[in-house]
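Here is the note you asked for, written so that each point can be followed with the model open beside it.

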Amino acid sequence: MGLANAIEIDDLKRTFTRRAPNALARLFTRRRTGTGTNADGGSGAGADSSAEAGPNAAGLANNAKRPNSLVAVDSISFDIRAGEIFGLLGPNGAGKTTTIKMLCTLLEPTSGTARVAGFDIVREPARVRASLGTVLSGERSLYWKLTGRENLDYFAALYDVEPSTAHRRIDDLLTRFELTDKASELVERYSTGMRQRLSIARALLANPPVLLLDEPTAGLDPQSARNLRDVVRKLRDEGHTVLLTTHYMAEADELSDRIAIIDHGRVIALDTPTALKEHIQQLHSVEVEIDRAPDGILDELHSLPLVRGVECVQSSNGHETWTIRVLTENSRQTLDALLDLLRAEGERVLNLRVAEPTLEDVFIALTGKSLRD
Amino acid sequence: MVDRFRTWLRRQFRVIGAISRKDFLIFLRYPANAVMSVVEPIMWLVPTYFMGLGFSVNGEAVGFAGFTGTSDYFSFAMLGMFMSSYISAAFWGMGFSVQEDMTLGVLEPNWVTPASRVSLILGRSVIMLLLTTINSIVVLAMGAVLFRVNLTGNVLAAVITVLPMLIALTGLGLGIAGVVLSVRRAGTAIDISNWAVTQLSGATFPVSVLPRPLLAVALALPTTYGFDAVRSILLGTKTMLPLKAEIGIMLASMVGMCAAGYAVFKAFERRCRRQGLLGTH
């Protein structure tokens, strides 16, 4: 490819407009609600996209109390170097998938520009797509009534892989992704992990310089996810540039050479995982395990002096317990106040430890909330 | 320049070929559907056959002959059904294929490839037209045996005459695919439009019996002339206009509908990329 940057994103913005409900829907809503004034069917593009779009309001509808447009991606700018794994990390609805969809030319940006392998995503969409292998989230992206090999045969033609080399390329990919034995079985009989591997094999058919992987390990069991992460690392070692979206902190930490943390459509931090964690090295993470879901004390914990962020998750130890993580500038000073508050609320502390900050803590420190919120 | 065009053309044919193969494989994996697609038209034709008999005197539909020049109502209707299956192929095969891909979740994986999006839609028409042809021939053959349908004209001339109409319908299908991209839940609209175009083209009756406003609509449809011309060649019916004029209208509409279908598809495809409608359903 010869370019220093595989992807260049400059002030990229994407706004979704809520579609006004049609007259029939308005009439139906009016009759059903009996109000007649604040009807909002919410069907169409905006409603569909809003889950991804995030809550940035860009105006208010005249007679409805919800915004008429949503900023899904809000003027983001960054470059992705050739040959690196770049993680786009953020909660659901942060704007990750919208960014990927703009880069693979399924969506046009509202403003700003981006170049993939040197090609402009708006002016040269066909060349952009020829430089990309894209794996979008959702396992129903293959033809389930075709076999694995038939799927690859079909997409090889669409990716313009020369017929003379397509057969060998497909054999190589099936071998690489350990699908040779199942190549003649219908995809409907594949496991989720096998389908995901086949999707990545499809993206590699034309051996593109840049790969876009949207939540590649979502829905996979731990072993399959680990195998897939190995695959992604190998792809980087072979010289591919990988842009990967995920909402799994550990995955982003483990895989990415650099990470952009995205929230509400904005990039709020961008660096290597190590550097991001070093930024908050002076912070401590206090983890308290309690025996029930905390009821309304998280806000109070957040308002304690020196506390930078709080999150609460159900413990993954198989017991019905909950872990509160408190990110603080001084664990010694926070500890007393924290325990006093928990006791006052009648919470029973089962376990307590002070931990090194993780990437999750970086996110909490930057946004004041958990990635799961 | 010529070489680049040739390369581009070869690429489009390869894409269209791959789509046809894929669609055919999937078609074969639903064998019950393949059987039903032959049985169903016969099922619909049976009442028409008995209705035709009911209105006949000594086996001849005398009143009907006054309008069309033939007293063989059932052959007239069966040929109409045969032709109308191509209208269905355009509406459902191409137009609805977009909605089907959206529902299956395969629209986006297709559209992130470098293949031309127009070729991706056109590819869906090839196997549909081929299957429609095979299916219709089987139905006609069964009709000949079961209901004594008698086509006496030049079949090759009829096929050549109807080709511009088929190409025009492909253009229409492309336009419909564009609309479906935007409308998404378009099943009912497609069903109604398909029915209206089929009926107003005179699938089961001569359009000359229509009241004037509806006749005006019927005469604006190129398919009306296609039905009329083919019946004239195969059954010896009277044409509304001289045959050459009807062929001329079909050729003109072929160019017009292909251009319009392309423009409509591109406009809606752009609109969907701007509004973020692709892949949602």
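This is a predicted model: local features need pLDDT of at least 70, side-chain atom pairs count only at pLDDT 80 or more; totals for chains, interfaces and linings use all residues.

1. Residues are numbered from 1 along each chain as its sequence is written, chains are lettered from A and ligands numbered from 1 in the order in which they are written, and side-chain values use heavy atoms, with hydrogens and water left out.

2. The interface brings 36 residues of chain B into contact (heavy atoms within 4.5 Å) with 40 residues of chain A. The size of an interface is often given as the accessible area lost when the parts come together. Here the buried area, taken with a 1.4 Å probe and summed over both parts, is about 3300 Å², and carbon and sulfur atoms give 54% of that area. Of the area that chain B buries against chain A, 21% comes from Arg14(B), Val112(B) and Pro114(B), more than from any other three residues.

3. How many salt bridges does the rule find across the interface of chain B and chain A? With a salt bridge defined as a side-chain nitrogen of Lys or Arg within 4 Å of a carboxyl oxygen of Asp or Glu, the rule finds six. In one salt bridge, the side chains of Lys101(A) and Glu108(B) meet at 3.0 Å, N to O.

4. By class, the side of chain B that touches chain A has 16 nonpolar, seven polar and 13 charged residues, where Asp, Glu, Lys and Arg count as charged and Gly is among the polar ones.

5. In chain A, six strands (DSSP runs of E, at least two residues) form an open sheet with mixed pairing, in the order S6-S7-S8-S3-S9-S10, and two strands pair if DSSP finds at least two bridges between them. S6 (132-135) and S10 (266-271) of chain A are the edge strands, each pairing on one side only. S6(A) and S7(A) run parallel and are joined by four bridges, and Thr134(A) has Leu212(A) as its bridge partner in S7(A).

6. Helix H3 (residues 96-103) of chain A lies across S3, S6, S7, S8 and S9 of chain A, running at about 150° to S8(A). Such angles run from 0 to 180 degrees between N-to-C directions, with axes fitted to C-alpha atoms, for helices over the stretch in contact.

7. A further open sheet of chain A has four strands in the order S12-S13-S11-S14, with antiparallel pairing. Its edge strands are S12 (307-314) and S14 (349-355) of chain A. Seven bridges join S12(A) to S13(A), and Cys312(A) stands opposite Ile324(A) in S13(A). Helix H12 (residues 331-344) of chain A lies across S11, S12, S13 and S14 of chain A, at about 20° to S11(A), whereas H13(A) lies across S11, S12 and S13 of chain A and runs at about 125° to S12(A).

Notes: Buried area is the accessible area (1.4 Å probe) that two parts lose on being put together, summed over both.
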